Amino acid sequence: MTQPAVLYAAKSTEDRHGSIPTQLDDCRAMAEREGWTIVGEHSDEGFSAYKGNRGPGLAAAREAAARAASAASNAILVVQHSDRLARGAGDAPGAAEHLAELFFTLRRQGVQLRSVQDDQTFSNPMLVAMMGERNTEDSKRKAAAVRAGMKRRAERGEFNGGPPPYGYRWAGPKGERKLAVHEPEAVIVRRAFRDFIAGKSQLQICRELNAEGVTSQRGREWHQGTLAKYLANPVHMGSVRLNGEVLPGNHPAIVSSEDWQQAAALREAQARSPGRQGGRPPKGGHLFVKGMLRCGRCGGAMIPRTYDDHTGEPAYAVYRCYTRIRNGTGACSQEPIKREAIDGAVFEYFASSVLDMEATRAAIAAAAEGKLREVRALLRQAEVGERKARESLERIRGDYKSGGLPITDWIEFRDELTEEIAGAAAEVQRLRSHEARITSDAAIDADSDTLRYLGAIRDEIIGTVRRAAESRGEGVEAVRTALLRLFDGFTLRHLTPMEQSGVWVETRMGDGIADRDVIDADLIGVGPGGRYELVPHVKESAIAGHGPRGITPIACKSGLSGSGNNSDNGLQT
């Protein structure tokens, strides 16, 4: 038997133009010329030899060549060009293999490398090392050129390469192609965005599309990961993405930027939702799921629970503290509370609340006073630090002048203390500027156009939930979605006896504890002989960029009896 040969071909990206078959044809021709016996053919598609090592095809080719060499004393691994094997630098842990590494490893196994186009490379180890360096530099140069080209295309608003995204087709002559809307798919894209914003889960949308026989881009069934990729692609709102930055595109949009941004905010909220565990919705139709409601006593999640009667039908639904469930009643004193008491209060609140400008004015003043106290305390510390550093420098200067300190020590201490003084002085200046800004913010008139404008923004946030609440007869998904998009979470806090007496409102304002990102709402009559405060925490992203200085009006206080507050105070023990 003549020398056994294993053929290998590779393409770093999708082989849309038949490069791999051409490479294998060239290798077969070389094997025929040299009189080798082909014992295997392998290939890799979509595995870069510069960003990483080639894929399972090369691993299989190396293994086959090693087996053949073991049986016949030697074997040959044939490629079209040496860069089909390796393009890496091999200069760091985890770096892609250098061509020389592969060469010496295979040579110890009795495998000789041969190439159709640069066969002389493998005649000498020095040439192998040099060609490996050349392949690495060539890939580095090509990568830089590709990045530059992609940047230029993106800056011109052009979509960067590859097959057109779902909902689009290429239109125009080669070299001038642009994305054009493919309406049969665009209808599905708009529907997916609309359903997702309305509160349907990605899995539910996929199930409905599959049930109707609608296929994905490759004619297959829809999966959650596929849909998530489409929802996250800014190309659908007429934009392009480059290195994480979204730039204006020159192709038509399928969905509005408002719908895309709403979907993006919702996806982010779902990804960051505390205690998010997935699974099916609770049987009791709870409004708060996935850790959105937190216990004010221990900070744990208030999780939905539904208890059935003997017929199998839901008897009552509650929210229970997970810390108490997991660690026992001694871990947290928060008892279960009926779902109707919480959910009904939320519906009622967002259906009727309005803005309270007096509370807003008091909140601004209280927040400013609290910030001033904090900044002034830090300023005093910084001034003391600067003064002490200056005193230390003068004391050491005196020691040096009196001859008690060598010049080398004096220079070292002087430089160190001079740097410390400069840093302390800069911190003093920064804090003084901060103090001036806070004082200026506190002088804003709460009846000015600025606060009226910001009030309208907050009213729109409340209105979003209110409009979703109006459709609750069809389910709570729309309200859940609105809350998840606009709020980081909600805390159920038991009021202290002083707070229950009615004094607590003035105390909160007088002590400057009011939170500018919190809408306060009472749950009156919930719990044995007491009250709870439900505190929704508004997302920063929901109010970011509205008006100067980030001032946010608060909603007026409202006593909420809630539809679930019946004679037993909504409590289940």
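Predicted model: local features only at pLDDT ≥ 70, side-chain atom pairs only at ≥ 80, totals over all residues.
Biologist: What percentage of the residues in the chain are buried?

Modeller: The chain has 17 helices and 16 strands, and its residues number 573. A residue counts as buried under 20% relative accessible area. By that criterion, the buried part of the chain is 42%.

Biologist: Among contacts between residues at least 6 apart in sequence, what share join residues at least 24 apart?

Modeller: The count covers contacts in the chain between residues at least 6 apart in sequence. Of these, the share that join residues at least 24 apart is 64%.

Biologist: Which residues is Phe288 in contact with, leaving aside its neighbours within four places in sequence?

Modeller: Phe288 is listed with those that have the most contacts inside the largest nonpolar core, as are Leu293, Leu483 and Phe490. Beyond its neighbours within four places in sequence, Phe288 is in contact with Leu293, Pro304, Tyr319, Ile342, Asp343, Val346, Leu483 and Phe490.

Biologist: Why do the buried residues of α7 lie on the same side of the helix?

Modeller: Helix α7 spans residues 224-232, and Leu227, Tyr230 and Leu231 are buried in it. They lie on the same side because the arc they cover around the axis is only 100 degrees. An α-helix has 3.6 residues a turn, so residues three or four places apart point the same way. The face turned away from the buried side carries the exposed residues Gly225 and Lys229, and the arc that answers the question is 100 degrees.

Biologist: Is Glu386 buried or exposed?

Modeller: Glu386 lies in helix α11, residues 357-401. Leaving aside its neighbours within four places in sequence, Glu386 is in contact with Ala424, Ala425 and Val428. Its relative accessible area is 15%, and the cut-off is under 20%, so Glu386 is buried.

Biologist: What kind of aromatic pair do Tyr166 and Trp222 form?

Modeller: A search of the whole structure finds eight aromatic pairs. For Tyr166 and Trp222, the distance is 5.3 Å centre to centre and the angle between the planes is 85 degrees. Planes over 60 degrees apart meet the criterion, and the pair is edge-to-face.

Biologist: Where do Tyr166 and Trp222 lie, and how many residues apart are they?

Modeller: Tyr166 is buried at a relative accessible area of 3%, and Trp222 is buried at 4%. Tyr166 is in the loop between α4 and β5, whereas Trp222 is in the loop between α6 and α7. The pair links distant parts of the chain, and the separation is 56 residues.

Biologist: Which residues do ring pairs link into a cluster?

Modeller: Aromatic rings pair if their centres lie within 6.5 Å. The cluster linked by such pairs consists of Phe103, Phe104 and Phe122.

Conventions:
Residues numbered from 1 in each chain as written. Heavy atoms only, no water. Buried < 20%, exposed > 50% of the residue type's maximum accessible area, 1.4 Å probe, protein only. Helix = DSSP H or I, 4+ residues; strand = E, 2+ residues; numbered from the N terminus. Arc of directions from axis to C-beta. Contact = heavy atoms within 4.5 Å. Core = buried A, V, L, I, M, F, W, Y, C linked by side-chain atoms within 4.5 Å. Phe/Tyr/Trp six-rings, centres within 6.5 Å; stacked < 30°, edge-to-face > 60°.
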